[in-house]
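Have the coordinates open beside the text. The walk below moves from side chains to backbone to pockets.

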Amino acid sequence: MSKIIHAEITAKLETQSRGNLIAYWSVTILLAVAIVLSGIGQLMQYGGNIELVKNLGYPLYVLTILGIWKVLGAIALVVPGFPRLKEWVHAGIFFLMTGAALSHAFANDYGDYGFHIILPLSYAALNIASWALRPKSRKLYHQ
């Protein structure tokens, strides 16, 4: 009887961890793709990025800085190893996205239906979800 219970508990834990891993990679890949596409758009100064930066009062070279950091950060999120770097990337994405939303709010530049506020906050939420779902191998301290 105890072997059956042990087998059921083991199967349940494996299923939960597999489900957690699937959720983690789904969210993390979605986040990484969104961030890398955003970064490439900024590096190419594509899709209204110039007007966006001018409306906020930032210099155009900010697009190059942000674009490079976003592309490098997205790569760091998906490559194996480097748990400390991943922690910094998650922090950077959170500050970048909440800062973007606040910059638009303070400049009264909400976009259509609040798009300029909602989009960066949704990226911040994806980032929090990715961080919270990360497996033990991607944590600084394995608990």
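W25 is partly exposed in this predicted model. Its relative accessibility is 26%, and that falls between the 20% and 50% cut-offs, so neither buried nor exposed applies. Y24 is another matter. Y24 has a relative accessible area of 2%. That is under the 20% limit, so Y24 counts as buried.

How far apart are the ring centres of Y24 and W25, and at what angle do their planes stand? The centres are 5.1 Å apart. The planes stand at 75°. The distance is within the 6.5 Å limit and the angle is over 60 degrees, so the pair is edge-to-face.

The count of aromatic pairs comes to two. F94 and F95 also pair. Their ring centres are 5.8 Å apart, with planes at 70°. That angle is over 60 degrees, so this pair is edge-to-face as well. F94 is partly exposed, at 33% relative accessibility. F95 reaches 60%. That value is over 50%, so F95 counts as exposed.

Turn now to the backbone. Q45 has a positive phi, near 50°, and is a residue other than glycine. Where does Q45 lie? Q45 sits in the loop between α1 and α2, the latter spanning 49–56. Its relative accessible area is 34%, which makes Q45 partly exposed.

N108 also has a positive phi, about 55°, although N108 is not a glycine. Look for N108 in the loop between α4 (83–106) and α5 (115–133). N108 is exposed, or buried? At 60% relative accessibility, N108 counts as exposed.

Next come the pockets. Rolling a probe the size of a water molecule over the atoms shows where empty space is left. The largest pocket has a volume of about 700 Å³. Its lining has 28 residues. Of these, S38, Q42, N49, L52 and K70 lie nearest the pocket centre. Which elements give two or more residues to this lining? They are α1, α2, α3, α4 and α5. Helix α4 provides the largest share, seven residues. By class, the lining of the largest pocket holds 17 nonpolar residues, 10 polar ones and one charged.

Two or more residues come from each of α3 and α4. The lining of the second largest pocket divides into 10 nonpolar, two polar and one charged.

How much confidence does the predictor place in the chain? The average pLDDT is 89. Of the residues, 87% score at least 70. Among the elements, helix α3 (residues 61–78) has the highest mean pLDDT, 97. Helix α1 (residues 2–43) has the lowest, 81. Where pLDDT is low, the predicted coordinates should not be read in detail.

Go back over the model with these values in hand. Start at the edge-to-face pair of Y24 and W25. Move on to the positive phi of Q45 and that of N108. Finish at the largest pocket, where α4 gives seven lining residues.

How values were computed. Residues numbered from 1 in each chain as written. Predicted model: local features only at pLDDT ≥ 70, side-chain atom pairs only at ≥ 80, totals over all residues. Heavy atoms only, no water. pLDDT = per-residue confidence, 0-100. Helix = DSSP H or I, 4+ residues; strand = E, 2+ residues; numbered from the N terminus. Phe/Tyr/Trp six-rings, centres within 6.5 Å; stacked < 30°, edge-to-face > 60°. Buried < 20%, exposed > 50% of the residue type's maximum accessible area, 1.4 Å probe, protein only. 1 Å grid on protein atoms, 1.4 Å probe; cavity = no way out; pocket = protein on both sides within 12 Å on 5 of 7 lines; lining within 4 Å. Points joined across faces, edges and corners; volume = space filled by probe spheres on them. Nonpolar A, V, L, I, M, F, W, Y, C, P; charged D, E, K, R; others polar.
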